[in-house]
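Biologist: Please take me through this model, beginning with the ligand and then turning to the helix packing.

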Amino acid sequence: MPALILKQGREKSLLRRHPWIFSGAIHHADENIASGATVDLLSFNKQLLARASYSPQSQIRARVWTFEDEPVDKEFFRKRIRSAIMARSLISPSPLTPLPEGEGNALRLIYAESDGLPGLIVDRYSDVLVLQSLTAGSEYWKETIADLLLEETGLETIYERSDADVRELEGLESKVGILRGALSSFVFPIIEHNLKFNINLQSGHKTGFYLDQRKNRLRVRELAKDKDVLDCFCYTGGFTVNALAGGAKSVISVDSSADALILAKENIALNDLPADKATFIEGDVFQLLRKFRDEGRSFDMIILDPPKFAPTAAQAERAARGYKDINLLAFKLLRAGGILVTFSCSGGIDAGLFQKIIAGAALDACVEAQIVEHLSQGADHPVSLHFPEGAYLKGLICLRL
Ligand code: SAH
């Protein structure tokens with residue numbers, strides 16, 4: 001087995017079970033290691049620390065498959081996939097059978113590092129699995145993993161959405177298409193907490209839907225009754241549909257993508273919700289919030305679920321200004337007793353910083369508000385204690401006093 005030998009003292013993060021080895025920590029790498037191949041990670045004193053996948057082009061040069069002295073082979077991946085599915089069955093009634101009531105039939109089955117499978121994301125949408133391979137290591141084992149997924153879930157179709165930008169850092173090209181089985185349509189409905197949403201496997205964001213917001217969408221449904229709601233960055237209407245289902249008096253939904261708004265409208269119709277209560281605006285949220293402020297508009301509930309402003313800590317400062325801007329404007333548009341549901345999915349901004357930004361926004365907006373709830377990604381997106389980077393979604397529900 002090819003080996004990487006670490007510089008003296010650079011084994012510390014591995015001993016704390018963090019799964020990444022950066023290029024600067026490597027003292028020696030054997031020659032001609034294939035991209036994605038499995039390597040032994042050795043300390044400077046040649047002690048075996050872990051087995052990892054090798055990413056020759058990335059700054060993150062290796063990612064740990066296992067900290068045990070065990071073979072990394074098909075049975076290893078079977079074990080990992082089984083335990084990921086088992087973990088879901090502990091937190092949701094049944095991850096593998098569509099449920100007429102309850103949680104629905106779409107959830108994340110495998111969440112990369114958090115499930116001990118760096119680079120691999122597998123989401124289930126009804127009877128279709130969507131696989132996203134992000135690293136050289138997950139790419140190397142992709143066909144084996146695809147076979148195992150069918151064996152372990154009993155499902156027949158896998159669609160590949162390996163088109164995330166981060167693949168470039170690994171020297172991998174984008175790959176999209178059917179990996180196993182067949183599909184009669186790329187667009188079909190999934191069920192989430194008894195509501196239907198049309199998913200477009202080809203063009204949907206991420207693997208098709210923002211599964212990470214599932215429980216937060218339900219929370220918005222619970223809070224929306226009789227409220228005038230403004231859903232900013234609404235995408236295909238996840239929060240909008242839930243607000244209407246919860247009895248909102250009116251919902252204004254804003255997104256810059258015309259295609260997303262078409263799907264959002266379809267999703268309202270799909271659930272027989274009152275279209276006359278919904279208004280869609282194609283536009284830039286930053287500008288629209290200013291326009292609404294100038295017009296003296298006000299709302300009982302505002303949802304802010306923007307895209308990632310800061311993928312890494314390096315962009316945190318600029319991103320912080322963006323978050324503060326929209327949250328400040330939102331506080332100004334909130335009526336007394338109104339609710340702000342605000343999110344950040346930026347890896348570069350931690351929960352503490354996000355809370356400070358929101359506090360600064362309320363201060364500058366000259367409003368009194370309190371945090372009534374902390375929100376996060378759902379339990380099908382677990383966070384390994386040794387890989388806190390897995391927790392990217394932070395949210396707050398704030399009540400304007
Ligand atoms: N809330 C959604 C997910 C939002 S994703 C859900 O639960 O499904 C972020 C959305 O923001 C995308 O649809 C993108 O088109 C939109 N977007 C990005 N920048 C924007 C801007 N400046 N103004 C309006 N929409 C924007």
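Predicted model: local features only at pLDDT ≥ 70, side-chain atom pairs only at ≥ 80, totals over all residues.

**Ligand and helix contacts**

Biologist: Which residue has a side-chain N or O atom 3.1 Å from an oxygen atom of the ligand?

Modeller: A polar contact here is a pair of N or O atoms within 3.5 Å. A polar backbone atom of F233 lies 3.3 Å from a ligand nitrogen. The side chain that is 3.1 Å from a ligand oxygen belongs to R217.

Biologist: Which residues come nearest to the ligand?

Modeller: A residue counts as near if one of its heavy atoms lies within 4 Å. There are 16 residues around the ligand, and those that come nearest are D255, S256, D284, V285 and D305.

Biologist: Which residues of α6 does α5 meet?

Modeller: The axes (lines fitted to C-alpha atoms over the stretch in contact) of α5, residues 214–223, and α6, residues 238–245, come within 7 Å and cross at roughly 35°. Helices are DSSP runs of H or I with at least four residues, and contact means heavy atoms within 4.5 Å. From α5, the residues N216, R217, L218, V220 and R221 meet G238, F239, N242, A243 and A245.

Biologist: How is α2 oriented to α4?

Modeller: Helix α2 (residues 74–91) packs on α4 (residues 142–153) at about 45°, with the axes 10 Å apart. Angles under 35 degrees are roughly parallel, over 145 roughly antiparallel, 65 to 115 roughly perpendicular, and the rest oblique. The angle therefore makes α2, relative to α4, oblique.

Biologist: How many charged residues are in the contact of α9 with α10?

Modeller: The axes of α9 (residues 316–333) and α10 (residues 351–365) lie 8 Å apart at about 45°, and the crossing is right-handed. Among the contacting residues are Y323 and F331 of α9 and F354 and D364 of α10. With Asp, Glu, Lys and Arg counted as charged, the contact has 10 nonpolar, 2 polar and, as charged residues, 3.

Note on methods:
Residues numbered from 1 in each chain as written. Heavy atoms only, no water. Axes fitted to C-alpha atoms, helices over the stretch in contact; angles between N-to-C directions. Helix = DSSP H or I, 4+ residues; strand = E, 2+ residues; numbered from the N terminus. Polar contact = N/O pair within 3.5 Å; in protein donor to acceptor, adjacent residues only side chain to side chain. Left-handed = near helix turned anticlockwise from the far one by under 90°.
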